[in-house]
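This report describes the packing, strand pairing and backbone geometry of the structure shown below.

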Amino acid sequence: MPSPTSTTPPFQKILIANRGEIAVRLLRACRDLAIASVAVYSDADRASLHVLLADEAYRLGPAPAAESYLDIDRVLDAARRSGAQAIHPGYGFLAENPAFAAACRDAGLVFIGPSPESMAALGSKTAARRLAQANHIPILAGTVDAVASLAEAQAIAARIGFPIMLKAAAGGGGKGMRLVASAAELPSAFALAGAEAGAAFGDASVFLERAVLQPRHIEIQILGDRHGSLVWLGERECSVQRRHQKIIEESPAPRLSDPTRAAMGQAACAISAAARYHNAGTVEFLVDADERFYFLEVNTRLQVEHPVTELVTGLDLVQLQIRIAAGEPLPFAQADIVRRGHAIECRICAEDPEQNFMPSPGPVARLVSPAGPGLREDSGIYQGWTVPLEYDPLLSKLIAWGEDRPQALARMRRALREYQLGGLRHNLGFFRRIFDDPEFCAGRTDTGSVARLLAQPPPPSLAPDAAWQDAAAVAAALATAAALPPEPAAAPAVSAWQRAARTDSLR
Amino acid sequence: MIYEIQIGDATRKLELTCNAGAWSVKLDGQPLSTDVALVSPGTVSLLLAGRSFTFAYASADPSSVWLGAAGHETRAEVRDPRRRLAQRPFHQTGRARLTAPMAGKVVRLLAEVGATVEAGQGLLVLEAMKMQNEVRSPKSGTLVSLAAAPGAAVATGQLLAEVE
């Protein structure tokens, strides 16, 4: 594939209007392009990794997102103070807010993403469904518009039949989303979905659609420039979810025929072209057991799981986003895109699998990251840092690449074994269990896989053996001995171990 | 030094002695042939019958240690019988204590003190990291206390409600 055409940096300085692992990912792309990076932060994030790694950093405000990362005026003020020419919004926060994209344009800043007009046409799920219908792309039965009241939701649900899915009209990521199995569950689900949508996106409106049982979630990555060129970069299967949030994504999708993949790619390009879309975007589909696909929504931004596509295509999507935003043409055509091998990603989150994946912020007391062939980690954490409770629980993304799916899975299994994370609850153990599951390894997954796996007791083969238990008991005692409080006049050269030994010899 | 190590349901007795910088270990009264090295802060290497175990560890407090090695992790409670660390109180009443499963903010209350509640009924809504979660009653009975108000921040493990 031809390399990017331009050798001069498209901008001198870019402000990254985000936090956590994605802010780190974005500033690394800036550094690769010899562009200065500007971080912004809330009071809860002064010590966050993105602030430490950026070239410049500006405070936005207090910890609540509404007074910091979601405050358009404060973000634009930081851009003015820093002299940045462009803003990358990442995902979440202001990434899919057309008002923010328009405000950037009005302030003379380049928004690295689609135009506010495209965002408005595709960003609201209800508007996108109308556009899909107009372009003959299949959608699921349900409401095209947000429902105004519980009574209206009840009437529509009675018409299309249960089970139904309630979804926030704005935003994604599973927030404001509820599966409703029967009429009795609708009132409380409607209230919770609305409240969650309002809290997360500032817009409490929800719509509902007929739910497909055991569906697969498969999405198409698209990329378009400002000159009308638009390509699709393959698919990602994101069926392994918990609480309606993706936790594992891979490409190519296991068990997807080439004709279906191509038809989905063409549908994704069709709806994007209809919205005059440019920059990176993702078109999400539900695929049923007979490989019929239904349009779900368009994410008008970079996705969390974009590294999966980067590893199979060899492209740097963030660098391409930046070049496209600067007006450069796409340096390749659809026919130039070659996908090679298999990539799979795990979203490592501060959450407790034993407590229904509830978020579990806390200190990163001990961190050992994996390494080796075929591995990439996009992390936002470091040892000694405390994960704040105000934001998303995503800590890090671990991505493995292999010549084929079994090799990619083996490399991920190896990485999950090396990865050590102590001090807070996390889902690494749960990933180890998934990667040991015969159904998952055979590629037989759907959006209910996690729930079915959790309904079974963990297999005994995953439990540590007697020698491990013995060694753990010894290690626990040694760790305690090493953590003895320092002696009043302890010389700096004396280690805790020597102190422990000395204390012992005095007994 | 003699320790009692509790991992899961098992309690092990562990004796550590150090002679000229070398540690020897007795586990449950039996000598354990192992080579021990503190390879870096937070990492201990054990060679046990030829197998290499590299434990990463972190201590939240002197009596609780997190340990991870080779794709497994565990929490160990460590007691030093000679130091007589405070015994943890054990609650054995018919009262179910509902504690916060996560640090977060109370969004709203769904029941009042004195109300009769069913097992699984939502008592309050807790929000953390932008997710709202209903905290449900562990059993049927009377809600005898509710130690949280809307808007209040709560820490993991903090008492939220009691059902009798």
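The structure is a predicted model. In chain B, B:Gln6 has B:Thr11 of strand S2(B) as its bridge partner. That pair belongs to the antiparallel arrangement of strand S1 (residues 2-7) and strand S2 (residues 10-19) of chain B, which are joined by six bridges. Two residues separate the strands of this hairpin, and B:Gly8 adopts a positive phi near 65 degrees there. S1(B) also pairs with strand S9 (residues 72-79) of chain B, again in the antiparallel sense, through four bridges. In that pairing, B:Ile5 lies opposite B:Val78 of S9(B).

**Contact between the chains**

Between the two chains, 50 residues of chain B are in contact with 47 residues of chain A. On the side of chain B that touches chain A, strand S7 (residues 51-61) of chain B gives the most, with seven residues. The composition of that side by class is 33 nonpolar, 12 polar and five charged residues.

**Nonpolar cores**

The largest nonpolar core comprises 151 residues, and those with the most contacts inside it include A:Leu15, A:Ile87, A:Ala475, B:Tyr57 and B:Leu67. Helix H16 (residues 466-482) of chain A supplies the largest share of this core, 11 residues. Apart from this core lies another, of 25 residues, with B:Ala103, B:Val117, B:Ala148 and B:Val154 among them. As for individual contacts, A:Ala475 touches B:Val44, B:Leu46, B:Phe55, B:Tyr57 and B:Leu67, with residues up to four places away in sequence left out of the count. In soluble globular proteins, nonpolar side chains tend to be buried together.

**Helices of chain A**

Helix H10 (residues 306-313) of chain A is largely enclosed by the rest of the structure, because eight of its eight residues are buried. Among these buried residues are A:His306, A:Thr309, A:Glu310 and A:Thr313. After H10(A) comes A:Gly314, with a positive phi near 75 degrees.

The axes of helix H4 (residues 98-106) and helix H5 (residues 116-123) of chain A come within 8 Å and cross at roughly 175 degrees. H4(A) is therefore roughly antiparallel to H5(A). In this contact, A:Pro98, A:Ala101 and A:Ala102 of H4(A) meet A:Pro116, A:Met119, A:Ala120 and A:Gly123 of H5(A). By class, the contact has six nonpolar, one polar and no charged residues.

**Backbone geometry**

| Peptide bond | Omega |
|---|---|
| A:Phe162 to A:Pro163 | about 0 degrees |
| A:Ser251 to A:Pro252 | near -5 degrees |

A:Pro163 is located in the loop between helix H7 (150-160) and strand S6 (164-168) of chain A. A:Pro252 occupies the loop between strand S11 (245-251) and helix H9 (258-274) of chain A.

Positive phi values also occur at residues other than glycine. A:Phe93, which is not a glycine, has a positive phi of about 45 degrees, and its place is the loop between strand S4 (86-88) and H4 of chain A.

B:Ala49 lies in the loop between strand S6 (43-48) and S7 of chain B. B:Ala49 has 9 C-beta neighbours inside 10 Å and therefore counts as exposed, the limit for that class being 12 or fewer.

Definitions and conventions. Residues numbered from 1 in each chain as written. Chains lettered and ligands numbered in written order. Predicted model: local features only at pLDDT ≥ 70, side-chain atom pairs only at ≥ 80, totals over all residues. Core = buried A, V, L, I, M, F, W, Y, C linked by C-beta atoms within 7 Å. Buried ≥ 20, exposed ≤ 12 C-beta atoms within 10 Å, placed from the backbone. Contact = placed C-beta atoms within 7 Å. Pairing = 2+ DSSP bridges. Nonpolar A, V, L, I, M, F, W, Y, C, P; charged D, E, K, R; others polar. Axes fitted to C-alpha atoms, helices over the stretch in contact; angles between N-to-C directions. Parallel < 35°, antiparallel > 145°, perpendicular 65-115°, else oblique.
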